[in-house]
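Q: I would like a close look at a single part of this protein. Please take me through it step by step.
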Amino acid sequence: MREVVEKVDLAFEVNGDSVRLAVSPDATLAEALRDDLELNGTKTGCEEGECGACSVLLDGKVVNSCLVLALECGGKSVVTIEGLAREGRLHPMQEAFVNHGAIQCGYCSPGMIMTAYALRLENASPTEAEVRRALEGNLCRCTGYRKIIDAVLSLNNGESRHD
Ligand code: FES
Ligand code: FES
């Protein structure tokens with residue numbers, strides 16, 4: 001006989017909206033975002049904290065959402081890639097990735113962009129070394145990283161951050 005797992009209430013904020021969900025105690029934040037809220041911009045790859053595809057912001061800090069239990073997010077604020085655009089306009093970080101050809105298959109892109117966005121919240125003009133260090137946990141199989149680094153550095157030239 002299959003064991004029935006009782007779901008637990010979770011109240012948190014996602015992309016500025018208050019959200020209430022019933023989640024399994026072992027559900028990850030990535031699962032809650034993708035399966036319950038249909039925010040499928042957040043990708044999952046390794047599900048072991050190795051690839052960074054699932055990166056989102058939790059109370060302003062970038063986390064691997066595959067490693068965070070949804071229930072740990074009670075009362076906290078989550079920002080996903082869907083939360084960056086404003087009034088139909090891409091966030092400047094998203095535009096920079098597009099303009100620099102930093103998106104190829106695109107699978108890593110939401111995680112890369114969220115990690116780069118988080119870096120610039122703390123450091124508006126990161127050096128190349130700082131960008132490389134911040135993106136160390138985000139893997140890309142397509143671009144060779146150069147275009148991604150260039151995209152992030154391009155925002156050091158005074159482009160706006162509508163965050
Ligand atoms: S899916 Fe989360 S780090 Fe790879
Ligand atoms: S663009 Fe394909 S994995 Fe990065």
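Which residues are buried in helix H2 (residues 92-99)?

A: Keep in mind that this is a predicted model. In helix H2, the buried residues are Met93, Gln94, Ala96 and Phe97. Why do they sit on the same side of H2? They do so because they cover an arc of only 160° around the axis. Next, look at what lies over them. Helix H3 (109-122) is part of the cover for the buried residues of H2, and helix H5 (146-154) is too. Then follow the chain past the helix. Gly101 comes after H2, and its phi is positive, near 65°.

Now place the helix in the whole chain. The chain is divided into domain 1 (8-83) and domain 2 (92-157). The C-alpha centres of these two domains lie 21 Å apart. Their contact takes 14 residues from domain 1 and twelve residues from domain 2. On the side of domain 1 that touches domain 2, strand E3 (55-58) and strand E4 (61-64) supply at least two residues each. E3 gives the largest share of that side, three residues. By type, the residues of that side of domain 1 are seven nonpolar, five polar and two charged.

Finally, turn to the strands of E1. Strand E1 (residues 8-14) runs antiparallel to strand E2 (residues 17-23), and seven bridges join them. One of the pairings sets Asp9 against Ala22 in E2. The two strands form a hairpin with two residues between them. Asn15, in the turn, has a positive phi of about 50°. E1 also pairs with strand E5 (residues 77-79), in the parallel sense, over two bridges. There, Glu13 stands opposite Ser77.

Note on methods
Residues are numbered from 1 along each chain as its sequence is written. Chains are lettered from A and ligands numbered from 1 in the order in which they are written. This is a predicted model: local features need pLDDT of at least 70, side-chain atom pairs count only at pLDDT 80 or more; totals for chains, interfaces and linings use all residues. A residue is buried if 20 or more other C-beta atoms lie within 10 Å of its own, exposed if 12 or fewer, and partly exposed in between; C-beta atoms are placed from the backbone. Helices (H or I, at least four residues) and strands (E, at least two) are DSSP runs, numbered from the N terminus. The arc is that of the directions from the helix axis to the C-beta atoms. Two residues are in contact if their C-beta atoms, placed from the backbone, lie within 7 Å. Two strands pair if DSSP finds at least two bridges between them. Domain bounds come from an automatic or database domain assignment. Ala, Val, Leu, Ile, Met, Phe, Trp, Tyr, Cys and Pro count as nonpolar, Asp, Glu, Lys and Arg as charged, and the others, Gly among them, as polar.
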